[in-house]
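The sequence and the coordinates are shown first.

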Amino acid sequence: MPTESNAKYGLMLLIIFAIASVDLRAEEKVFLCELGVQGGLGYYAGDATKHIFQNIQPAYGAQFRYKFDYRWALQLKGQGASIKFPLQDAAGNTATGFGKNDMMNIDVVAEFNFFRFGTRQYDTRIKPLTPYIFLGMGFSAYSNFSQYAAYIPLGIGLKWKFASHWGLNIAWQQQIYFADNLEGKTYYDNTADLNGSNILNNDFTSTLTLGIVFEFGRKKSACRTCDF
């Protein structure tokens, strides 16, 4: 007959086997999508304004971000902005007063986070704060939607996840245009006759924005019995 000691050992083995049969993996809470709005300031550099950080104008817009994992994401952004520049007279001399042209930009960029970004619950490698870089393609309409141009958006930023569903993004983005007519004035277009051979002779704009985002679309847990 089994002794009391053998019964205890048998019960312990049964408990160990039951625990090993259950998937108790602790998983992080991951949201795949973000919606947000942003606002800030922008400037233009081209034939009318040779120096950066001049004639700064407001910029504003909205964004959608899809996160593939903790490092990589894809962002779709629409942003309205204006450029302001000194006018010239018929002889090409700088005249008094300024010109202004409104723009609407839409771009798609791939983002790379320097750190594993998200809400840390169990994985100590995940950080609520990370710098990131981005690069993509964009399309712009300006001069009352009578002119259109493609551009290359690229830049750097900082992300901060301050609550379960909420975060802040700071982004400094450059837009390098495949055009030299953002001013909407013919006497500013391709003044050096270099646009065909030197993309850096084209106009470019830059924006510094602060955005707030809301996360949604929680990723399904691989552990069906867990709810974190």
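## Overall architecture

Of the contacts in the chain with a separation of 6 or more, 63% are between residues 24 or more positions apart; a contact means heavy atoms within 4.5 Å. The model is a predicted one, in which local features need pLDDT of at least 70 and side-chain atom pairs count only at pLDDT 80 or more, while totals for chains, interfaces and linings use all residues. Residues are numbered from 1 along each chain as its sequence is written, and side-chain values use heavy atoms, with hydrogens and water left out.

The chain has one helix and ten strands, and its elements run α-β-β-β-β-β-β-β-β-β-β from the N terminus on. Helices (H or I, at least four residues) and strands (E, at least two) are DSSP runs, numbered from the N terminus. Of the 228 residues in the chain, 37% are buried; buried means under 20% relative accessible area, exposed over 50%, and partly exposed in between, with a 1.4 Å probe and protein chains only. The accessible surface comes to about 13,400 Å², and carbon and sulfur atoms contribute 65% of it. These areas come from the Shrake-Rupley method with a 1.4 Å probe, and for residues only the protein chains shown count as cover.

## Strands 2 and 3

Strand 2 (residues 57–67) pairs with strand 3 (residues 72–88) in the antiparallel sense over nine bridges; two strands pair if DSSP finds at least two bridges between them. The two strands form a hairpin with four residues between them. Within this pairing, Q63 stands opposite K77 of strand 3.

Strand 3 also contains K84, which is partly exposed at 30% relative accessibility. Beyond residues up to four places away in sequence, K84 touches Y44, T49, N55, Q57, F98, G99 and K100. The C-alpha atoms of K84 and N101 are 6.7 Å apart, although 17 residues separate them in sequence.

## Aromatic rings and charges

The structure holds ten aromatic pairs, where rings of Phe, Tyr and Trp (its six-membered ring) pair if their centres lie within 6.5 Å. W72, F112 and F114 are linked into a cluster by ring pairs. Two lysines sit over ring faces, as tabulated below; the criterion is NZ of Lys or CZ of Arg within 6 Å of the ring centre and within 35 degrees of the ring normal.

| Lysine | Ring | Distance to ring centre |
|---|---|---|
| K84 | F98 | 5.0 Å |
| K159 | Y132 | 4.6 Å |

## Two buried polar residues

N113 lies in strand 4 (residues 94–113) and is buried, with a relative accessible area of 3%. A polar atom of the N113 side chain lies 3.1 Å from the backbone oxygen of Y70. A polar contact is a pair of N or O atoms within 3.5 Å; within protein, one must be able to donate a hydrogen and the other to accept it, and residues adjacent in sequence count only if both atoms are side-chain atoms. Apart from neighbours within four places in sequence, N113 is in contact with Y70, R71, T130, P131, Y132 and K159.

D203 belongs to the loop between strand 9 (166–177) and strand 10 (204–218). D203 counts as buried because its relative accessibility is 0%. Its side chain reaches the backbone nitrogen of N181 at 3.4 Å. Not counting residues up to four places away in sequence, D203 touches residues including Y44, D47, Q175, Y177 and N181.

F178 is found in the loop between strand 9 and strand 10 and is partly exposed, with a relative accessible area of 43%. Its C-alpha atom is separated by 9.0 Å from that of F204, 26 residues apart along the chain.

Technical notes
Phe/Tyr/Trp six-rings, centres within 6.5 Å; stacked < 30°, edge-to-face > 60°.
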